[in-house]
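The following exercises are to be worked through with the sequence and the model at hand. Each task is followed by a stepwise solution.

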Amino acid sequence: MKFVKEVTIYEVGLRDGLQLESKVLTAEEKLDVFNLLHEAKVSEVEFGSFVHPMLVPQMANTSDFYSQIQQHEAEMELVALVPNLKGLEIAKENGVRSVNYVLSASNTHNQQNVRQTTEESLNSFKVLSQFASENDIGLNVTVATSFGCPFEGTVPQNLIMNIVDTLLLHNIKRITLADTTGMANPKQVYHLTKAVADEWRNFEFGCHFHNTRGMGMANILAGMEAGITIFDASIGGIGGCPFAPGATGNVCTEDVVHMLEEMGVRTSIDLDALISASHKLKDILGHDLPGQVAKAGKSSRKYPVPN
């Protein structure tokens, strides 16, 4: 197997991770976790989303939280999710410099998520992209259900290729292919990511995997073999999409970093500090988290021999 030598982790715990939690964290509690992520040298953080608070109450304090972390903008890429132009306008009002727009390859999921067909979201994106360019806001796009839809089933590869082709008519920095409910398998991941990486060699692609069915880490390895070097992950392994049944369990950041570093793949993240962030989040949420490394410790840990 041939793997890339360095990987960027795009941390989504403070957004995707928290949006399925019953406890709504205060801005100060989010800040406690963020500061530990900063100490761990996490370079990219999706810190929240500008969505209607009635739909996702966990994100209601995104503006307040951003005002407390904004000073780290020079050291870290701080990204807000925006579902539409209104969300982008709010992001601009708050001084946010980077955003992530999400649309679904599946019409049914897109209608559940943003009340539009995929084609309508692509048309809306034209205005959104122009607004971002005019206001010097960096724009990423995540294509949800790229590897399968919980309502429609299989999503054809040529549909993903066509969506990417349409998106690339606009000024965007990155496209992330998302396995929204953990339906992907490594063979499928390799073929799709290899296809987009070969077709658009000079563009930046990332992947977003869930561990819902235990294949998240294997799917990351498949993406790496295809040449992908950017992966979303969530501290503690928490999160999922509130508009898709069964969408639990993002790949866990500390588990991913541990795996990669043990393989000799550089992440530039301090794993010990990352584990401390996971422990802090567990204490704040008041329940165990799905991640494994924070429980078991690093594989390099040595134990005393029993008497």
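**Exercise 1. Determine which strands each supply at least two residues of the lining of the largest cavity, and characterise that lining.**

Step 1. The strands in question are β5 (138–144) and β6 (174–178); strands (E, at least two residues) and helices (H or I, at least four) are DSSP runs, numbered from the N terminus. The model is a predicted one, in which local features need pLDDT of at least 70 and side-chain atom pairs count only at pLDDT 80 or more, while totals for chains, interfaces and linings use all residues. Residues are numbered from 1 along each chain as its sequence is written, and side-chain values use heavy atoms, with hydrogens and water left out.

Step 2. The lining consists of Tyr 10, Glu 46, Asn 100, Asn 140, Thr 142, Arg 174, Thr 176 and Asp 232. A cavity is a set of points on a 1 Å grid over the protein atoms alone where a 1.4 Å probe fits but cannot get out, and lining residues have an atom within 4 Å of a point.

Step 3. The lining divides into one nonpolar, four polar and three charged residues.

Step 4. The volume of the largest cavity is about 40 Å³, and the structure holds one cavity of 30 Å³ or more.

**Exercise 2. Check the span of helix α11 (residues 271–285) and describe its ends.**

Step 1. The expected span is 1.5 Å times one less than the number of residues. For the 15 residues of α11 this gives 21 Å, and the end C-alpha atoms are 21 Å apart, so the two agree.

Step 2. At the start of α11, a side-chain oxygen of Asp 270 comes to within 3.0 Å of the backbone nitrogen of Asp 272.

Step 3. After α11 comes Gly 286, with a positive phi near 80°.

Step 4. Buried residues of α11 include Leu 274, Ser 278 and Leu 281.

How values were computed. Buried < 20%, exposed > 50% of the residue type's maximum accessible area, 1.4 Å probe, protein only. Polar contact = N/O pair within 3.5 Å; in protein donor to acceptor, adjacent residues only side chain to side chain. 1 Å grid on protein atoms, 1.4 Å probe; cavity = no way out; pocket = protein on both sides within 12 Å on 5 of 7 lines; lining within 4 Å. Points joined across faces, edges and corners; volume = space filled by probe spheres on them. Nonpolar A, V, L, I, M, F, W, Y, C, P; charged D, E, K, R; others polar.
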